[in-house]
Amino acid sequence: MSTAALAERRNVKHQSMRLVVVQLQEDGLVEKTSDGSDRRTQVVMLTAQGRATLRADRRARSEWIAQTLRDHATAEERRTLEAALAVLDKIGALAAASKP
């Protein structure tokens, strides 16, 4: 995705996203390559290190949420969340199926 597309997706200014991309690049988490269809455009892609960092961050976040729910939510609250997640999964599948 281009820096402009990332900025639009995150609803931030292009300049702000450019600074984030530069920092991620310096950290070795992303790299920029030429777009195959338009060589003037650069596409931001995760590096192997970036993918590993993203997986680790998601895993840590999931573990924190699970532990917090175990420690602070009642059994009824956990069942309600499970039902809500099923509905969200259904909506997500419908949204994915309707994309061109």
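**Briefing: pocket, fold and salt bridges of a predicted model**

The largest pocket has a volume of about 460 Å³, a volume being the space filled by probe spheres set on grid points joined across faces, edges and corners. A pocket is an open set of points on a 1 Å grid over the protein atoms alone, where a 1.4 Å probe fits, with protein on both sides within 12 Å along at least five of seven lines; lining residues have an atom within 4 Å of a point. The model is predicted: local features need pLDDT of at least 70 and side-chain atom pairs count only at pLDDT 80 or more, whereas totals for chains, interfaces and linings use all residues. Residues are numbered from 1 along each chain as its sequence is written, and side-chain values use heavy atoms, with hydrogens and water left out.

**Pocket lining**
- The lining of the largest pocket comprises 14 residues, with Leu6, Leu24, Val30, Leu46 and Leu54 nearest its centre.
- Two or more lining residues come from each of helix 1 (3-10), helix 2, strand 2 (42-46) and helix 3.
- Helix 2 supplies the largest share, 4 residues.
- By class, the lining holds 11 nonpolar, 2 polar and 1 charged residues (nonpolar: Ala, Val, Leu, Ile, Met, Phe, Trp, Tyr, Cys and Pro; charged: Asp, Glu, Lys and Arg; polar: the others, Gly among them).

**Fold and dimensions**
- The chain has 4 helices and 2 strands, taken as DSSP runs numbered from the N terminus (helices H or I, at least four residues; strands E, at least two).
- From the N terminus the order is α-α-β-β-α-α.
- The radius of gyration is 18 Å, well over the 13 Å that the globule rule gives for 100 residues, so the chain is more spread out than a compact globule; the radius is taken over C-alpha atoms, and the rule is 2.2 Å times the number of residues to the power 0.38.
- Just after helix 2, Gly28 adopts a positive phi of about 80°.

**Salt bridges**
- The whole structure contains 2 salt bridges (a side-chain nitrogen of Lys or Arg within 4 Å of a carboxyl oxygen of Asp or Glu).
- Asp38 pairs with Arg40, the closest N and O atoms being 3.1 Å apart; Asp38 is partly exposed at 22% relative accessibility, and Arg40 is exposed at 75% (buried is under 20% relative accessible area, exposed over 50%, partly exposed in between, with a 1.4 Å probe and protein chains only).
- Asp57 pairs with Arg61, with closest N and O atoms 2.6 Å apart; both lie in helix 3 (residues 48-72), 4 residues apart, about one turn of the helix.
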